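Here's a quick tour of one protein model, with a stop at a bond, a helix pair and the nonpolar cores. Have a look at the structure before reading on.

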Amino acid sequence: MDRLTPGILALVLGGVLAAAVLVPAVVLEIRRRGTIGPARLVGWSSLLVYGIALLAYTLLPLPAPGELVCAPANLHSFQFLESIGADRIAGSSLIGSAALQQYALNVLLFVPLGFLLRAHFGQGLVFTMFTGLAVSMAVEATQATGVWWVYDCAYRVFDVDDLAANGLGVLLGSLLAWMLLPYRRSTAPDPAAPRPVTAGRRFLGMALDWVIVGGLGAVLDLAAMLAVRLIRPEATGAGWWLGDAIVLVAAAIWTIRRGSTPGETALLLVGTGGRGRRRLSRLVRFAAGVGGFQLLLVVDADWAAVLVGLVSVGAVFATRDRRGLAALVAGMGVADARTAPVATAAPERVHATV
């Protein structure tokens with residue numbers, strides 16, 4: 001269980017941080033490449049979770065106050081072979097050898113790094129190996145210095161065999177990516193070229209809206225509650241809605257002014273057309289979409305929010321041009337913002353002159 005705990009922590013914390021950096025990662029990819037696919041999203045999320053897992057496995061568990069035990073350094077290469085032999089003499093099977101399991105874990109721990117550097121960033125073997133060894137050396141140096149002298153001595157063993165095991169892991173990961181996903185050097189896509197409005201793009205926009213509106217609202221709610229508690233310690237539950245209200249109003253103003261929700265803006269999507277006044281149509285679209293969904297969650301109408309969410313997902317497939325439920329209610333369409341900027345502009349009135 002001690003070996004599983006850092007991995008569980010990495011998945012939980014990595015998932016939370018992945019959601020937090022989802023918006024800037026998508027914006028960066030869209031601006032650089034003009035689009036972002038599922039593989040790129042999975043790659044960025046995996047890299048984040050992996051980084052946290054690497055820290056967790058190399059630093060945890062932290063020693064409790066007064067329980068620091070200094071660990072010696074191993075500067076002799078292939079010391080792990082002697083340790084495996086000692087385990088065998090003590091009656092352990094080869095697979096059950098703690099030394100072999102530790103060495104195998106050190107190899108496996110760096111396989112994802114080699115795979116991601118090759119598959120996600122398109123790097124060659126030389127760069128991947130150099131980067132992997134540099135990361136491994138940074139990890140070992142952190143352990144050898146007691147987390148850079150935070151502790152009086154090293155509580156984890158600095159081991160030269162770990163450097164070799166980590167390098168082997170990077171090599172195996174890189175070769176695995178080479179076999180499964182051969183690297184092909186291609187010209188960079190034109191970020192200014194319009195892209196089709198696909199169902200996946202619309203779903204990603206919904207997810208971004210929920211992360212932005214719901215996530216920021218939750219953070220501001222917490223800040224408001226803490227501020228109220230500091231000012232009035234006797235207050236209970238005060239301020240829980242303030243953050244959501246601020247974010248909902250800000251997101252509504254954003255949608256009315258720009259014609260797209262914050263998540264759609266990140267994906268270079270924009271609402272077009274509308275019934276009657278343009279600003280009113282945009283407000284209706286916001287209220288029938290992420291605004292109404294988040295408001296239902298705020299007032300604890302969870303089942304209604306789930307129903308709206310399911311209908312919104314289904315409407316993406318059922319409506320023309322993947323415009324979805326909110327745009328359908330508002331009589332609007334959804335288009336790529338790079339197709340024609342004039343699509344979002346109000347028609348000019350021409351006054352006849354005599």
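Let's start with a bond: the torsion about the S-S bond of C70 and C153 is about -90°, so this disulfide is left-handed. Keep in mind that you're looking at a predicted model.

**The disulfide**
- C70 is in the loop between α3 (38-59) and α4, while C153 is in the loop between α7 (146-149) and α8 (160-180), so the bond ties together parts that are 83 residues apart in sequence.
- Are the two cysteines buried or exposed? C70 has 51% relative accessibility, so it counts as exposed, whereas C153 is buried at 16%.

**A pair of helices**
- Helix α4 (residues 79-89) and helix α5 (residues 98-119) have axes that come within 7 Å and cross at roughly 145°.
- On the α4 side you'll find F80, S83, I84 and D87, and they meet A98, A99, L100 and Y103 of α5.
- Sorted by class, that contact has six nonpolar residues, one polar and one charged.

- In soluble globular proteins, nonpolar side chains tend to be buried together.
- The largest nonpolar core here has 16 residues, and V26, I30, L208 and L267 have the most contacts inside it.
- Elements giving two or more residues to this core are α2 (22-33), α9 (199-231), α15 (324-330) and β2 (332-336).
- Another core, of nine residues, lies apart from it, with L54, F110, L113 and V139 among them.

Conventions:
Residues are numbered from 1 along each chain as its sequence is written. This is a predicted model: local features need pLDDT of at least 70, side-chain atom pairs count only at pLDDT 80 or more; totals for chains, interfaces and linings use all residues. Side-chain values use heavy atoms; hydrogens and water are left out. Axes are lines fitted to C-alpha atoms, for helices over the stretch in contact, and angles run from 0 to 180 degrees between N-to-C directions. Helices (H or I, at least four residues) and strands (E, at least two) are DSSP runs, numbered from the N terminus. Contact means heavy atoms within 4.5 Å. Ala, Val, Leu, Ile, Met, Phe, Trp, Tyr, Cys and Pro count as nonpolar, Asp, Glu, Lys and Arg as charged, and the others, Gly among them, as polar. A disulfide is a pair of cysteine sulfur atoms within 2.5 Å. Buried means under 20% relative accessible area, exposed over 50%, partly exposed in between (1.4 Å probe, protein chains only). A nonpolar core is a set of buried Ala, Val, Leu, Ile, Met, Phe, Trp, Tyr and Cys residues joined through side-chain atoms within 4.5 Å.
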